[in-house]
Amino acid sequence: MERGKIIVAGIGPGSEADMTQAVREALAEADVVVGYKYYFGFVRPFVKEGAECVDTGMRRERERAEVALERAEAGQVVCVVSSGDAGIYGMASLVWEVKRERHSPVEVIVLPGISAFQKAAALLGAPVGHDFCVLSLSDLLTPWEVIERRIRAAAEADFVTAVYNPRSEGRYWQLHRLREIFLEARDGATPVGYVKQAGRSGEEVAVTTLAAFDPEQVDMFTVVLIGNSESYTWEGKIITPRGYFTEREEGRKVGQDIMARSFRRIMSELRYPVEDRARLWVLLHTIHTTADFTMEEVLSVEPGSVEKMYGALSGGKVRTIVTDVTMAASGIRKGALERLGIEVKCYLNDPRAVELAQKEGMTRAAAGFRIAVAEHPDALYVVGNAPTALMELCSLVRRGKAAPLGVVGAPVGFVHVRESKYMLQSFTGLPKVVVEGRKGGSNVAATIVNAILCYDDAARLLPGRDV
């Protein structure tokens, strides 16, 4: 008997117009068509007369694959139909797995089809113009812990993300959780589109934003597409540019483009996932400045601190930053200071600090902070060199002489460096960013401040506005 074969065919989202010619020819050739009965309504016009249609019922995919192998081993040409593309959450992988388990000699051919997310993307405009991923929220075969880890990775890596199996009668909360995770990493204005019954009767297309997106409007026949940080809406459609950091935004500088590319490279090389957006933003800046990935281990960002410091500085509540040394002051971007109306002060060379240092037997940096606190007790204090300055500041805070908006603690060296940071870390409730251990430096302290001053760009991961 002539050996049979299996053709695993992706029949597209449902419309005859979206079915490929190769799939139509396979259906016309098949002796047996195996699939879920719902799909037979889409393919029946192309099935040859006399061909048998075998329905194994919903959620019995393995049985379909086994029936297909049995029929093909008996010499028949079998077409296994799968909606969308057979290789994307479809029957192709399962047929190959069962063939391997049976050590079957039957030939398997996979014919691609238009996936539901591709059809949805076309209806929404051009949302998949750059790197993308596809996630399924069904936890029938995948533990939710794994799904959530993948959701977070997609959100933080800024993939355009298509979501399959978003909701069902018993699976109602997962899409809400996905939205929460994406809002931790993406701006609320990120475009979101969803399509119900793509390519089928009852088709509905909607465009909204991540903040306004209501998961309750979605059902099991819906595909959701979430744009990346560069996606935008125009004429009711979602468009994602082919490349990051294009000249679409007027005034984009070459230096900013280089910095943005560097950030993407850094993100690809991070060893540990970073769930907090503020810490990720500061971490990217510090690694970009130092090329030192051990910053992943030593950078400590008090939760909520960056947001609080940025809010006070950008809102005009605090208009002064005090640094321990002039080098730290010079590294803070002048464009950001002018944009926000902030003044940077360093008292290191102030005659009063010089006199006080000689009189009290202390460093000029520490003396400078003592004078600064008397004039600007609520300023943002930045230490990039002198642990003695940080120790003096901690002493003043302890005695109620200072109530700084926040502290950037990044002194560098070998004497009293760790101790000064331990002192700072002991103040619970004080907004702070600390580079733990011996590492730090004026350049690191300045770049942390720069990250704070442009924190409103963190959601888009678009650095360098003031370069």
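How many salt bridges does the structure hold? The structure holds 26 salt bridges, a salt bridge being a side-chain nitrogen of Lys or Arg within 4 Å of a carboxyl oxygen of Asp or Glu. This is a predicted model, in which local features need pLDDT of at least 70, side-chain atom pairs count only at pLDDT 80 or more, and totals for chains, interfaces and linings use all residues. Residues are numbered from 1 along each chain as its sequence is written, and side-chain values use heavy atoms, with hydrogens and water left out.

**View 1. Glu184 and Arg152 form a salt bridge.** The N to O distance is 2.9 Å. Glu184 sits in helix α7 (residues 174–185) and Arg152 in helix α6 (residues 144–156). The two are 32 residues apart, so the pair links distant parts of the chain. Helices (H or I, at least four residues) and strands (E, at least two) are DSSP runs, numbered from the N terminus. Arg152 is buried, at 10% relative accessible area. Glu184 is partly exposed, at 34%. Buried means under 20% relative accessible area, exposed over 50%, and partly exposed in between (1.4 Å probe, protein chains only). Shared partners join Glu148, Arg152, Arg177, Glu180 and Glu184 into one salt-bridge network.

**View 2. Arg186 and Asp158 pair through a salt bridge.** Their closest N and O atoms are 3.4 Å apart. Arg186 lies in the loop between α7 and β9 (191–196), and Asp158 in the loop between α6 and β8 (160–164). The pair therefore ties together parts that are 28 residues apart in sequence. Arg186 is buried, with a relative accessible area of 1%. Asp158 is buried too, at 3%.

**View 3. Arg465 forms a salt bridge with Asp457.** The closest N and O atoms are 2.9 Å apart. Arg465 is partly exposed, at 28% relative accessible area. Asp457 is buried, at 10%.

**View 4. Helices α9 (residues 277–290) and α18 (residues 442–453) pack at about 145°.** Their axes are 9 Å apart. Axes are lines fitted to C-alpha atoms, for helices over the stretch in contact, and angles run from 0 to 180 degrees between N-to-C directions. The crossing is right-handed, meaning that the near helix is turned clockwise from the far one by less than a right angle. From α9, the contact includes Trp281, Val282 and His285. From α18, Asn443, Val444 and Thr447 are among the residues involved. Contact means heavy atoms within 4.5 Å. By class, the contact has five nonpolar, six polar and no charged residues. Ala, Val, Leu, Ile, Met, Phe, Trp, Tyr, Cys and Pro count as nonpolar, Asp, Glu, Lys and Arg as charged, and the others, Gly among them, as polar.

**View 5. Helices α15 (residues 364–375) and α16 (residues 387–398) cross at roughly 35°.** Their axes come within 7 Å. This crossing is right-handed. Ala365, Ala366, Phe369, Arg370 and Val373 in α15 meet Thr388, Ala389, Glu392, Leu393 and Leu396 in α16. Seven of these residues are nonpolar, one is polar and two are charged.

**View 6. Helix α3 (residues 61–73) has buried residues that pack against strands and a helix.** Arg64, Ala65, Val67, Ala68, Leu69 and Ala72 are buried. They pack against β1 (5–10), β2 (32–35), β3 (52–55), β4 (77–82) and α4 (92–102). Just after α3, Gly75 takes a positive phi of about 105°.
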